[in-house]
Amino acid sequence: MDTSRYTVGWIAPMSLELTAALGILEDRTTIEAPDDDVIYHIGRIGSHFVVMVVCPRIGIEPAATALANMRRSFPNIKHILVVGIAGGVPGYGPDLREQIVLGDVVVGVPQHGSGGVTHYEFGAWEGNNELTVKGHTLHPSAALLTAVNNLRSAHMLVAGSRIPEYLHELRMGLNKRWRQAFEDPGAENDHLFEDDYLHPDRGRTCEGLCDATRAKRRKDRGPRAERETDQPEIHYGNIGSANAVVRSSAKRNELYARHSIICLEMEAAGVMSDYQGLVIRGICDYADSHKNKMWQEYAAATAAAYAKEVILLLPSGTGVQKNNNTAGNQYNIPVYGHPAAFP
Ligand SMILES: [Zn+2]
């Protein structure tokens with residue numbers, strides 16, 4: 001097997017994130033790389049040859065090791081993506097008016113002096129008992145950031161996002177038993193509890209336990225929290241990464257106030273300390289005490305669908321891509337993902 005043609009690397013931290021990823025990987029198969037003790041999933045997304053790997057466990061170090069092994073086994077990897085699920089900060093921006101709802105996607109891009117990922121528990125404890133964060137991470141490569149910018153524009157054009165279409169494709173790639181789990185759970189299952197209302201029993205879910213009158217539904221959060229089925233909003237900002245799970249609205253709010261972190265996860269710092277990759281996270285909870293697993297599959301799916309959109313906007317290296325899809329574009333202008341060949 002010729003590993004030299006694989007130029008895109010995809011790190012899926014957990015198995016359900018790998019499941020979503022494999023749902024969109026075309027012509028997929030597995031490969032054992034010499035001198036490596038894991039199996040890789042290889043295939044295509046558009047004209048790109050893509051290699052995927054799942055981590056043995058969550059956390060920064062396993063992700064760093066997965067990256068190092070992948071780069072050794074696939075020496076021509078140019079673009080690395082970390083694609084998975086995360087906790088989200090419900091409101092951000094001026095007057096906290098931007099609303100992140102469950103199933104939305106957060107993409108780590110440079111902002112407020114950060115490269116897009118902050119390793120927020122790495123630094124020095126100072127005399128005033130404050131942690132000065134020194135978790136420097138790299139920003140995504142110019143190629144990835146350019147693809148992201150092209151995609152941001154494309155989402156504003158008449159054809160809009162292709163995420164709904166890719167979500168459908170992804171589910172069709174799954175075993176029938178599992179398709180339902182990767183559906184959009186819907187606004188009625190998105191509850192944002194008041195910050196000071198704590199979940200009383202970690203052994204039980206909120207249903208039948210927590211006081212629903214202490215939770216906001218999307219309709220209570222204004223028009224920016226409204227979503228059609230399978231049409232997540234994409235948010236661009238700073239992602240917080242550390243080995244500790246955040247299950248506290250107080251900690252979540254503090255991290256937003258201090259570092260403008262809008263999304264919390266546990267792997268990106270292991271990749272971005274060494275490599276200019278791109279971190280894409282579907283939001284499955286609000287990083288508070290009520291966090292549960294209900295939205296995990298769908299959030300993994302929206303992140304994977306967005307990642308596919310980004311990959312289709314990376315240059316293929318051949319100088320030519322076939323324009324074979326103008327669906328939804330009444331002017332028959334080549335739609336993004338299938339750029340016309342340069343003359
Ligand atoms: Zn609860």
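Modeller: A term is needed before the helices: a crossing is called right-handed if the near helix is turned clockwise from the far one by less than a right angle, and left-handed if the turn is anticlockwise. Please also keep in mind that this is a predicted model.

The largest nonpolar core has 97 residues, and the members that touch the most other members are I11, A21 and A304. Helix α8 gives the most to this core, with eleven residues.

Take A304 to begin with. Apart from neighbours within four places in sequence, A304 is in contact with A20, A21, G23, I24, V83 and L170. Two of these, A20 and A21, are among the buried residues of helix α1. L170 belongs to helix α4, and both L170 and A304 take part in the contact between α4 and α8.

That contact can be described further. Helix α4 covers residues 163-172 and helix α8 covers residues 296-311; they pack at an angle of about 115 degrees, with their axes 9 Å apart. The crossing of α4 and α8 is right-handed. On the α4 side the contact is made by I163, Y166, L167 and L170, while α8 supplies A301, T302, A304, A305, Y306, K308 and E309. Sorted by class, these are eight nonpolar residues, one polar and two charged.

The buried ones are L16, E17, L18, T19, A20, A21 and L22.

I11 leads elsewhere, to strand β1. I11 counts as buried because 29 C-beta neighbours lie inside 10 Å, and 20 or more are enough for that label. Setting aside residues within four places in sequence, the contacts of I11 are V53, C55, A63, A66, L67, I80, V82 and V271. Three of them, A63, A66 and L67, are buried residues of helix α2. By contrast, the C-alpha atoms of I11 and N129, 118 residues apart along the chain, are separated by 36 Å.

G9 lies in strand β1 as well. With 26 C-beta neighbours inside 10 Å, G9 is therefore counted as buried. Its contacts, again without the residues within four places, are V51, M70, F74, I77, H79 and I80. G9 and R71 are 62 residues apart in sequence, yet 8.4 Å apart in space, C-alpha to C-alpha.

What of helix α2 itself? The buried residues of α2 are I60, A63, A64, A66, L67, M70 and S73. An α-helix has 3.6 residues a turn, so residues three or four places apart point the same way. Several of the buried positions in α2 have such a spacing, including I60, A63, A66 and M70. The buried residues of α2 pack against strands β1 (8-12), β4 (48-54), β5 (79-88) and β14 (234-241), and against helix α7 (268-272).

N69 is also placed in helix α2. N69 is partly exposed, because 17 other C-beta atoms lie within 10 Å. Not counting residues up to four places away in sequence, N69 touches D36 and V38. Between N69 and G46, 23 residues apart along the chain, the C-alpha separation is 25 Å.

D27, in strand β2 (residues 26-32), counts as exposed because it has 9 C-beta neighbours inside 10 Å. D95 lies in the loop between β6 (91-92) and β7 (98-99), and its 7 C-beta neighbours inside 10 Å make it exposed too. Neither is a glycine, but each has a positive phi: about 50 degrees for D27 and about 55 degrees for D95.

Key:
Residues numbered from 1 in each chain as written. Predicted model: local features only at pLDDT ≥ 70, side-chain atom pairs only at ≥ 80, totals over all residues. Buried ≥ 20, exposed ≤ 12 C-beta atoms within 10 Å, placed from the backbone. Helix = DSSP H or I, 4+ residues; strand = E, 2+ residues; numbered from the N terminus. Axes fitted to C-alpha atoms, helices over the stretch in contact; angles between N-to-C directions. Contact = placed C-beta atoms within 7 Å. Nonpolar A, V, L, I, M, F, W, Y, C, P; charged D, E, K, R; others polar. Core = buried A, V, L, I, M, F, W, Y, C linked by C-beta atoms within 7 Å.
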